[in-house]
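Me: I have a model open on my screen and would like to learn how to read it. Could you walk me through it?

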Amino acid sequence: MSTDLITGSFVALITPMNEDGTIDFEGFRTLIQFHAENGTSAILFMGSTGEVSMLSPEERHAIVRETMKMRTGKMHFYYGCTGTTTEGTIGYVKQAAAEGADGAIIAAPAYICASNASRSASTTPRRGSAPTSRPRTCCASPSIRALPC
């Protein structure tokens with residue numbers, strides 16, 4: 001992976017999708033060409049624009065493999081490699097490196113809330129429990145809005 005200092009525009013791309021929910025690789029080609037023609041220094045695939053968490057591991061691997069084939073010129077290609085496990089994250093980084101990526105971006109793991117049914121079951125007052133005046137919340141993280149249970 002590259003150790004070059006990036007200057008200029010570093011753009012996080014969306015993941016283009018076809019009507020049937022498959023990855024639109026021609027859409028990726030169009031986006032890459034647009035950014036190459038307009039002087040973008042680096043692009044980030046599968047960043048935190050939202051859809052990456054809905055992709056299967058196979059789709060994520062295909063995005064790295066296929067977009068690296070579209071690389072032309074000197075624009076840097078970075079890939080979001082955060083997985084749901086340490087092992088998964090390491091696997092994504094290794095694949096990106098093997099395919100020739102310039103770098104990997106790893107975010108802190110997502111804070112995953114329980115399902116509505118689980119939250120309801122765990123917060124329903126039980127016979128004999130002391131009443132409380134403070135609201136019960138889940139996902140109480142400084143970076144995430146607390147959700148009422």
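Reply: Gladly; we will go from the overall layout to helix packing, the core and one loop. This is a predicted model, in which local features need pLDDT of at least 70 and side-chain atom pairs count only at pLDDT 80 or more, while totals for chains, interfaces and linings use all residues. Residues are numbered from 1 along each chain as its sequence is written, and side-chain values use heavy atoms, with hydrogens and water left out.

Me: How many helices and strands does the protein chain have, and in what order do the elements run?

Reply: Helices (H or I, at least four residues) and strands (E, at least two) are DSSP runs, numbered from the N terminus. The protein chain has four helices and six strands, and from the N terminus on its elements run β-α-β-α-β-α-β-α-β-β. Contact means heavy atoms within 4.5 Å. Among contacts in the protein chain with a separation of 6 or more, 64% join residues 24 or more positions apart.

Me: How do I describe two packed helices?

Reply: Two packed helices are described by the angle between their axes and the distance between the axes. Axes are lines fitted to C-alpha atoms, for helices over the stretch in contact, and angles run from 0 to 180 degrees between N-to-C directions. Take α2 (residues 57-69) and α3 (residues 86-99): their axes come within 9 Å and cross at roughly 20°. That makes α2 roughly parallel to α3. Here, angles under 35 degrees count as roughly parallel, over 145 as roughly antiparallel, 65 to 115 as roughly perpendicular and the rest as oblique.

Me: Which residues of α2 and α3 meet?

Reply: From α2 come Pro57, Arg60, His61, Val64, Arg65 and Met68, and they meet Tyr92, Gln95, Ala96 and Glu99 in α3. By class, this contact of α2 with α3 has five nonpolar, two polar and three charged residues. In this scheme Ala, Val, Leu, Ile, Met, Phe, Trp, Tyr, Cys and Pro count as nonpolar, Asp, Glu, Lys and Arg as charged, and the others, Gly among them, as polar.

Me: At what angle do α1 and α2 pack?

Reply: α1 and α2 pack at an angle of about 50°, with their axes 11 Å apart. They are therefore oblique to each other. Phe25, Phe28 and Ile32 of α1 make the contact with Ala62, Ile63, Glu66 and Thr67 of α2.

Me: Where do nonpolar side chains tend to be in soluble globular proteins?

Reply: In soluble globular proteins, nonpolar side chains tend to be buried together. A nonpolar core is a set of buried Ala, Val, Leu, Ile, Met, Phe, Trp, Tyr and Cys residues joined through side-chain atoms within 4.5 Å. Buried means under 20% relative accessible area, exposed over 50%, partly exposed in between (1.4 Å probe, protein chains only). The largest nonpolar core here holds 20 residues, of which Ile32, Ile43, Phe45, Met46, Ile63, Phe77 and Tyr79 touch the most other members. α2 gives the most to this core, with three residues.

Me: Is Met46 buried or exposed, and what about Ser48?

Reply: Met46 is buried, with a relative accessible area of 4%, whereas Ser48 is exposed at 75%. Met46 lies in the loop between β2 and α2, and Ser48 is found in the loop between β2 and α2 too. Phi of Met46 is near 55°, a positive value in a residue other than glycine. Ser48 and Ala107 are 59 residues apart in sequence and 8.3 Å apart in space, C-alpha to C-alpha.
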